[in-house]
Amino acid sequence: MPDTKKVNYLAEAWLVLTLAVSFGAALAGVHLALNDGIQTNKRNETYDQIPRLIPGANKDRVEAGAFSVDVGGAVVERTFYRALAPDGKTTMGYMLRSSGMGYVDKIEVLIGVDVKVKNITGLYVLAQIETPGLGSRIRTKDFVSQFIAKSTTRAIFAMKTAQPPESNDIQAITSATISSQSVCSIVNRSVREFREYLDASIQRELALEHIPEMFPGVSREQIIDIPSGKQVVYKVLDADGRVIAWVGDGKRMGRWDRVELLVAVDADAQTITKVHVVDQRERYWKKVVKAGYLDSFVGKHAGKIVMVKPKIEPAEQQVQAVTKATITSMAICRIVNEVVRRLKRSVADVQGGAAVKER
Amino acid sequence: MTEATDNNQQTDTPPRAPAGAGPVIHVAPSPHSFSKSLTTRWMMADVLLAAAPLVAWAIFQFGAEALLQLVVCVGGCVVAEAVFTAMRGRCPLGAMKDLSAPVTGVILAMSLPCTAPWYVGFIGACAAIGIGKVVFGGLGQNIFNPAMVGRAFVMICFAWALAAGGYVQLDEETAAAAADPESGMAMTAKEPLDVISQATPMDVLKTRIKDRKEAAPTTSPARDDESPVALSRLFLGNVNGSIGEVSTLACLIGGLYLCWRRTAAWQIPAGVLLASVITAGLAHLGGGGAGLSMADFVGYHMFGGALMFGAFFIATDPVSSPITPKGRWIFGIGLGLFIMLFRTMSVFPEGVMFAVLMMNAVVPLINRWTIGTPVGGPVPERK
Amino acid sequence: MIIILAAATMLVLATFMACVLGWANVAFHVDVDPRIEACIDALPGANCGGCGYVGCGEYAEAVVVDGVAVDLCPVGGDACAEALAGILGVEIEQTWPFRPVIHCGATRENRLGRTEYRGEQTCTAANMVAGVQGCTYGCLGFGDCAAVCKFDAIHVIDGLACVDYDKCVGCGACEKICPRHIISMTPFKVSQMLAVTCANNDFGKDVKAVCNVGCIGCKACGRACRIFTFQEGDSIPSLDYEHYDPEEMDGLQVALQKCPQKRLLMVGNPSEKDLAATADEEVPEIVKPDFKTTVDKTQWHG
Amino acid sequence: MASDGPTAGERFLRGLIPENPVYRQLLGMCPTLAVTGGMKTAMTMAGAVAFVLICANVLTSLIRNLLKPHLRILVFTLTIAAFVTIADRVLAYAMYDMSQELGPYIPLIIVNCVIICRCEVCASKQSVVVAASDAAGQSIGFAMALASIAAVREILGSGTFFGLRVMPEAWPNWGIMVMPPGAFLTLGLLLGLANWIGAVREKRSGAV
């Protein structure tokens with residue numbers, strides 16, 4: 001292309017060039033002038049909610065944090081905000097920001113939880129495009145306020161009929177049950193994710209709370225936690241310091257959601273002495289409890305336990321699955337096996353260690 | 001040779017030729033209607049007659065509620081017809097004479113739940129006649145079945161009244177009110193309360209299918225153990241649902257009468273039933289059986305919901321369905337497929353209404369594809 | 001700093017775009033003859049198709065490229081023809097405006113054997129039905145021509161189509177639409193032309209059976225004036241408009257008087273030029289092809 | 001090539017009713033259907049379009065003699081895009097919640113047919129005053145059209161007007177009006193009404 005031809009294109013287009021340059025500069029100027037204003041607007045949108053979701057918190061005493069969690073294979077970044085008390089050190093509560101699939105598309109929520117992540121202190125729907133007039137009513141005050149003071153350990157369900165205040169479920173918006181239920185499952189999941197993220201101390205807090213229920217009369221000091229690999233194992237001592245049981249915590253996906261159990265074995269990890277449930281959202285849990293499935297583990301030798309079909313009579317080291325709740329029973333059996341294996345290993349380590357010490 | 005008898009089509013009556021100048025006969029291009037009874041009035045009267053068993057069963061089943069709904073819808077349609085035709089500058093009485101407004105009203109009423117408030121029926125009627133028919137140019141010009149246009153409008157407008165929740169709504173209040181004694185709510189003259197207290201059969205089936213498929217529970221555990229209603233009750237119509245479509249027996253009686261009177265083309269219902277039976281069977285084989293046996297599952301789809309009512313009354317509206325027999329088969333089968341598609345895939349428990357609207361949109365194309373060959377052999381290609 | 005960056009990126013973008021557009025402008029240049037645009041401006045732009053082309057654009061192109069006659073535009077008339085000639089520098093010769101003539105004069109009560117037609121109220125539909133009216137040649141009166149006329153120049157009065165020559169621009173739409181082809185575009189040498197207002201080719205007896213005013217084929221007019229010629233086997237005269245000379249009217253007058261059915265009528269209305277020319281003469285304003293009035297000077301009651 | 005063409009006043013009046021961008025020229029359909037769910041969003045959109053239209057028209061008519069035929073559309077788009085970005089930033093700064101709610105529809109003004117059409121038809125041919133008045137007329141016409149549709153949809157759909165409760169509490173909100181089908185129905189029926197009024201007025205003025 002001879003240069004002269006190119007030159008006269010540009011010559012012809014001098015107007016376009018000047019306009020382009022001037023607009024470029026103008027837009028940059030506008031951006032500089034307005035940008036920080038816009039950023040503050042964005043920031044305020046979430047920070048304004050903090051006082052509303054965490055009672056007593058103050059908008060500017062907030063620390064933002066983030067943790068990553070894998071949701072269905074993909075690692076997703078979840079941000080949370082820690083509201084600090086006036087003294088600036090102790091946290092008053094957390095505000096989690098998370099999203100999930102609703103009836104039409106994504107729903108983004110802000111969930112306020114108390115410092116021990118045990119109760120929900122507030123909920124705010126940031127963004128949703130549910131069906132207007134129906135699903136979009138999840139933003140209304142009366143729907144959102146139902147979540148306040150609900151416990152985070154047990155799952156929240158959206159029920160079609162009105163719920164008594166003490167029950168952990170909420171009433172769904174009529175003919176928008178799917179949107180209501182999606183909000184509940186988003187809340188359940190994000191709270192559980194957040195709890196898992198929190199350091200073992202909170203986790204330990206929970207275990208320490210349940211072990212006395214398993215062994216009445218055991219005080220908190222008599223429970224010592226021993227790290228075993230990534231997990232933690234607890235040694236339970238009796239009044240005069242002798243080991244009476246080892247307790248392990250196990251979690252697995254049940255039929256609908258995760259099931260969390262505490263399994264106790266005797267001092268030298270030979271027989272299973274107790275199986276205690278920490279957290280479950282299984283639909284058929286009543287059936288499992290009624291069938292005494294958990295107790296059927298007690299007394300078994302601390303080895304691999306096989307689950308058999310509901311009709312067949314269980315032999316040694318076998319447990320009978322609960323009709324209509326086979327998947328849940330299978331999950332429980334696997335947790336028990338897993339925890340028992342871990343307990344045996346850690347007990348063996350300790351005794352080995354002791355042996356080494358003795359030697 | 002007698003004078004040509006007058007009939008209801010006004011034409012510019014020509015001046016009579018001078019007496020004795022031979023008979024005055026009338027001529028007209030084809031198609032030639034051969035019998036008196038084939039005027040639109042008679043056709044519409046046939047449809048009303050065929051709907052009689054449905055209306056009777058609805059009033060028996062749902063009591064005064066259904067009657068109110070019917071009166072509101074038919075009245076609304078007639079009023080809307082008068083107002084809109086007057087607006088178009090045509091004399092409203094002419095439109096009244098062909099009884100098409102009451103027919104739209106009855107079909108619309110039959111497709112609404114008895115719990116829907118009065119304004120739902122009235123607005124549905126105005127939408128049906130206004131947007132569904134008169135805007136397109138009056139009877140015969142509308143592409144979509146007016147009753148379905150009205151119901152679609154109302155269903156989106158007042159979703160809380162017509163979606164699955166709407167059916168159960170009343171029952172909670174009445175159930176609760178009837179339950180506690182001092183509410184003083186006398187047992188209304190309705191049929192046994194339990195009939196309308198549980199969700200519609202289609203809704204139960206839908207939630208069962210949904211539970212089986214998805215991991216996370218979509219409704220609370222309390223609901224899952226409702227076994228679907230026995231097929232016999234479904235056939236007879238002793239279940240909850242829109243007032244007109246519950247009783248398959250009444251639909252069959254009315255429908256077969258229509259087909260026998262040739263007001264409704266039999267190919268359409270045949271196509272619909274055939275397609276939905278096959279698809280239901282395939283769905284069951286494909287594991288979507290929701291724990292029912294094959295016969296139950298297919299029977300459930302056949303007798304449940306608005307399939308029968310849709311196939312015999314809604315789909316066979318002569319204006320919005322194809323004219324050639326081959327076209328009608330395509331229309332029927334397409335309709336059956338869409339109904340099953342919506343029932344299994346979509347969130348709505350009932351898919352007949354949307355399916356009919358979708359197929360109505362395709363009818364002009366079907367008509368063009370299935371032009372029959374004229375009597376004298378295929379039309380020569382225009383050079 | 002951002003300002004410079006933004007300006008620079010915009011500059012780069014603009015230069016790239018400008019170059020592409022500049023190159024495209026040259027590469028895809030279509031040299032359009034400026035005269036065509038001028039012609040299009042001159043034409044009325046009604047796209048009526050009277051000139052035989054699809055629209056004014058096409059006619060302009062034909063005029064400039066193919067050298068088609070500049071005065072084919074009936075709507076534009078002489079003004080537009082002169083404008084086109086000016087643009088092209090071409091001399092225009094005298095041509096006559098074309099106007100429709102309806103070869104039927106029977107109003108509704110003159111048509112015998114007219115049956116009550118119950119089908120679609122259009123001529124094309126009625127034409128397909130045998131026996132819709134006695135005369136198989138004459139006007140059906142359902143107004144297809146009136147419907148298609150864009151200039152509202154033709155109306156069905158009392159069952160017969162009549163042309164309003166004030167509004168008519170001669171686009172020929174009515175001629176094309178009439179299923180019985182009894183409208184023909186005739187060159188109007190003078191604003192009032194003689195026309196044969198009947199198309200019935202049958203013998204007198206058959207014509208009488210179906211129409212009170214039909215031409216019975218007595219050929220009196222042929223004998224009276226040689227301008228009326230009879231195609232072989234035709235009983236109806238056809239007027240040879242090439243030799244039609246408005247001045248030499250005497251033979252015509254004789255023929256007019258001789259015609260027993262009075263089917264020879266003066267149609268059309270005097271244009272401004274004519275009005276000026278015959279200002280002094282007392283000339284009837286609008287001559288409807290009403291069979292009762294024929295010769296312009298005397299009021300003929302047949 | 002500033003041909004004479006209609007005067008400023010004429011242009012302004014034409015923009016209001018006779019050549020109303022929405023009801024007569026059927027331009028700018030995407031914002032008309034999308035944002036007329038509520039009066040607030042509709043009026044914000046109308047304001048944004050007005051700002052961009054007036055600025056673009058003025059600037060285009062200022063530089064109309066320098067335009068090269070093959071570059072004119074590039075220039076139009078450039079100016080419109082610049083002004084739309086400015087409008088978007090200002091809106092995000094001033095009324096943040098409104099810009100959240102309007103979301104993608106503010107940048108969508110760049111391809112809004114009303115603006116580029118006015119630039120092409122009027123601004124690139126006539127003087128600044130005429131262009132400005134034409135822009136003002138068109139944008140007021142556009143705003144009136146949006147207002148008419150938004151009023152119907154908001155009152156029927158959510159029983160409020162500019163967010164203030166209008167309908168009685170017992171008014172069952174017509175869900176369809178807030179959703180797209182409602183937008184199409186309302187626009188269609190209002191268009192029919194506008195044509196009907198036009199026809200009646202024409203018949204009356206024609207007949208007289």
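Two strands are taken as paired if DSSP finds at least two bridges between them. I keep that criterion at the head of these entries, and I note that everything below was looked up in a predicted model.

**Entry 1, a strand pair in chain C.** With that criterion in hand I went to strand β6 (residues 193-196) of chain C, which pairs with strand β9 (residues 264-267) of chain C in the antiparallel sense, over four bridges. Which residue of β9(C) is the bridge partner of Leu194(C)? I found that it is Met266(C).

I next checked the length of helix α1 (residues 40-62) of chain B: at 1.5 Å a residue its 23 residues should span 33 Å, and because its end C-alpha atoms are 31 Å apart, I recorded that the two agree. Where does the kink in α1(B) lie? I located it at Ala52(B), shortly before the proline Pro53(B), with a bend of about 35°. Just after the helix, Gly63(B) takes a positive phi of about 70°.

I then went through the burial of α1(B) and found buried residues that include Met43(B), Met44(B), Val47(B), Leu54(B), Trp57(B) and Phe62(B), with Asp46(B) and Gln61(B) also among them. The buried residues of this helix pack against α2 (64-87), α4 (100-110), α12 (248-260) and α15 (307-314) of chain B. For chain B as a whole, I noted 17 helices and one strand, and of its 383 residues 46% count as buried.

Taking up Met95(A), and leaving aside its neighbours within four places in sequence, I listed its contacts as Ile50(A), Leu53(A), Ile54(A), Phe80(A), Tyr81(A), Ala83(A), Leu110(A) and Gly112(A).

For chain A itself I recorded nine helices and 14 strands, with 36% of its 359 residues counting as buried. Among contacts in chain A between residues at least 6 apart in sequence, 50% join residues at least 24 apart.

I followed chain D from the N terminus and read its elements as α-α-α-α-α-α-α-β-β-α-α, which comes to nine helices and two strands. Of the 208 residues of chain D, 43% count as buried, and residues 24 or more positions apart account for 76% of its contacts with a separation of 6 or more.

How many residues does the contact take from chain D and from chain A? I noted 20 residues from chain D and 18 residues from chain A. On the side of chain D that touches chain A, the elements giving two or more residues are α4 (72-94) and α8 (175-178), and α4(D) gives the most, with eleven residues. Sorted by class, this side of chain D has 14 nonpolar, four polar and two charged residues.

Conventions: Residues are numbered from 1 along each chain as its sequence is written. Chains are lettered from A and ligands numbered from 1 in the order in which they are written. This is a predicted model: local features need pLDDT of at least 70, side-chain atom pairs count only at pLDDT 80 or more; totals for chains, interfaces and linings use all residues. Two residues are in contact if their C-beta atoms, placed from the backbone, lie within 7 Å. Ala, Val, Leu, Ile, Met, Phe, Trp, Tyr, Cys and Pro count as nonpolar, Asp, Glu, Lys and Arg as charged, and the others, Gly among them, as polar. A residue is buried if 20 or more other C-beta atoms lie within 10 Å of its own, exposed if 12 or fewer, and partly exposed in between; C-beta atoms are placed from the backbone. The expected span of a helix is 1.5 Å times one less than its number of residues. The bend at a residue is the angle between axes fitted to the seven residues ending there and the seven starting there.
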